[in-house]
Amino acid sequence: MRKQSLVNLLLLLLVAALGLFVWHTPDEESGHPGSPLTRLDPATVKRITISNKNGPRFVLQRGTRGWHMTEPYQVGANTPRINSLLDLLSTPQIESFALPSDRLAEFGLEQPLAELTFNQTKITFGGTHPYNYGRYLRIDDQLYLTNDIFPHHALARAEEFISHALFPDGEEISEINTPTWRLYRQQGVWTLDPDGAGSNPEQLQEKVAAWQHTRVPKVIKAPDTPPEQQLTIRLRGSEGPIKLGVISQAPRILLINQALGLGYQLNSDALLRAPGIYQ
C-alpha cells in the first residue's frame, strides 16, 4: 500500500512538473538556440538608455572622447562597465518564441524589471524561468530566454555607471588648494605653500599624480550633509576651479563635487595630506 502511494505521489509530481513546463512555454518556438540575442554590432551603439525602479532613467552617449552620461548627470561614464553591458547584445539565446500578448504577467513583462534601449533596439527584462532560472527578455513582439547574467547592469542606478575617475581623462591639474596647503605650478615648476618641511620636487610630483590618477571605489549621489571643509582643483586651460567638499566617514572620506551633485568615496584621507606626509 505504501509502495503504491509512493508511485502515485511521484506520478502526481511528474504531471505537475509537466504542467508547469507547458504553462510557462509559449505555443510556437522560433529562432535557433545558441544564436545571438540581437544582430546589433556593439561598435555601432552610440546611445544607451536604462530605465528601472531603482532610480531615475539615465542616458549614456558615445562621443569622440568615449562614453559620457548625459542624464541625469553630465559626467564621464564607466566605460569598462558599459563594455560589459554591451555583451548583452550577443548573449546566446536558449529559446525564442513569438510573444503571447495575453500572457505578459507569466513572463514578468506586465511590470518589467527594466527597459534598456541600445540606439533604437529596446530590450525589456522580465522574470526568470521557473526551473532553469534563465531570464525572459522581450524585443519587439519576440520573447527570448537567455542565461541570467546581466540583471546587475539592468537594475543599476545611474551613479553606478559613472566614471570612477575624479577628473576627465586627458585633463591636467595645475593647482590643488586645500584648507591647510596649496600646490600649484608656476613656470613649469611645482610649488608648495607653506613648505615648512622642505618637500622635494619628487614628492610634489607624486602628490599631483596621486590626485590625477585616483580611481575611487564608489560614486554616489551627493548627500544633504554639509561639507566639513572645502578645497578646489584647477585644471590646465579651464576657466574656473572644481570645487570639492569634504565629509569625513572614518576611515573613509567623501569628496563632494557640488556642481555635479555627486560624492566620490575615498578609502582614506591620503589625498588630503600635504606632500611628504604619509601618516
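Q: Which element gives the most to the lining of the largest pocket?
A: That is β4, with 3 residues. Bear in mind that this is a predicted model.

Q: How much space lies in that largest pocket?
A: About 610 Å³.

Q: Which elements give two or more residues to the lining?
A: β4 (66–71), β5 (75–76) and α2 (79–86).

Q: How does the lining divide into nonpolar, polar and charged?
A: There are 12 nonpolar residues, 9 polar and 4 charged.

Q: You listed α2. Which of its residues are buried?
A: Arg-81, Ile-82, Leu-85 and Leu-86 are the buried residues of α2.

Q: Where do they sit around the axis?
A: On the same side of α2, because they cover an arc of only 145° around the axis. As a general point, an α-helix has 3.6 residues a turn, so residues three or four places apart point the same way.

Q: What covers those buried residues?
A: The cover of the buried residues of α2 includes strands β2 (47–52), β3 (55–63), β4 and β7 (114–118), along with helix α3 (151–154).

Q: Switching to aromatics. How many pairs in the whole structure?
A: A search finds 2 aromatic pairs. One of them, Phe-58 with Phe-161, is tilted, at 5.5 Å centre to centre and 35° between the planes.

Q: Which parts does that pair tie together?
A: Phe-58 lies in strand β3, while Phe-161 is in the loop between α3 and β11 (173–177), so the pair links parts that are 103 residues apart in sequence.

Q: Are Phe-58 and Phe-161 buried or exposed?
A: Both are buried.

Q: What about Phe-107 and Tyr-136?
A: Their ring centres are 4.9 Å apart and their planes stand at 75°, so this pair is edge-to-face. The cut-off for that class is over 60 degrees.

Q: Where do Phe-107 and Tyr-136 lie in the chain?
A: Phe-107 is in the loop between β6 (93–98) and β7, and Tyr-136 is in strand β9 (residues 135–139), so the pair ties together parts that are 29 residues apart in sequence. Phe-107 and Tyr-136 are buried.

Q: Now the whole chain. How many helices and strands?
A: The protein chain has 4 helices and 18 strands.

Q: What share of the residues is buried?
A: Buried residues make up 38% of the 279 in the protein chain.

Q: And of the contacts between residues at least 6 apart in sequence, what share joins residues at least 24 apart?
A: That share is 58%.

Methods:
Residues are numbered from 1 along each chain as its sequence is written. This is a predicted model: local features need pLDDT of at least 70, side-chain atom pairs count only at pLDDT 80 or more; totals for chains, interfaces and linings use all residues. Side-chain values use heavy atoms; hydrogens and water are left out. On a 1 Å grid over the protein atoms alone, a cavity is a set of points where a 1.4 Å probe fits but cannot get out, and a pocket is an open set with protein on both sides within 12 Å along at least five of seven lines; lining residues have an atom within 4 Å of a point. Grid points are joined across faces, edges and corners, and a volume is the space filled by probe spheres set on the points. Ala, Val, Leu, Ile, Met, Phe, Trp, Tyr, Cys and Pro count as nonpolar, Asp, Glu, Lys and Arg as charged, and the others, Gly among them, as polar. Buried means under 20% relative accessible area, exposed over 50%, partly exposed in between (1.4 Å probe, protein chains only). The arc is that of the directions from the helix axis to the C-beta atoms. Contact means heavy atoms within 4.5 Å. Rings of Phe, Tyr and Trp (its six-membered ring) pair if their centres lie within 6.5 Å; planes under 30 degrees apart count as stacked, over 60 as edge-to-face and the rest as tilted.
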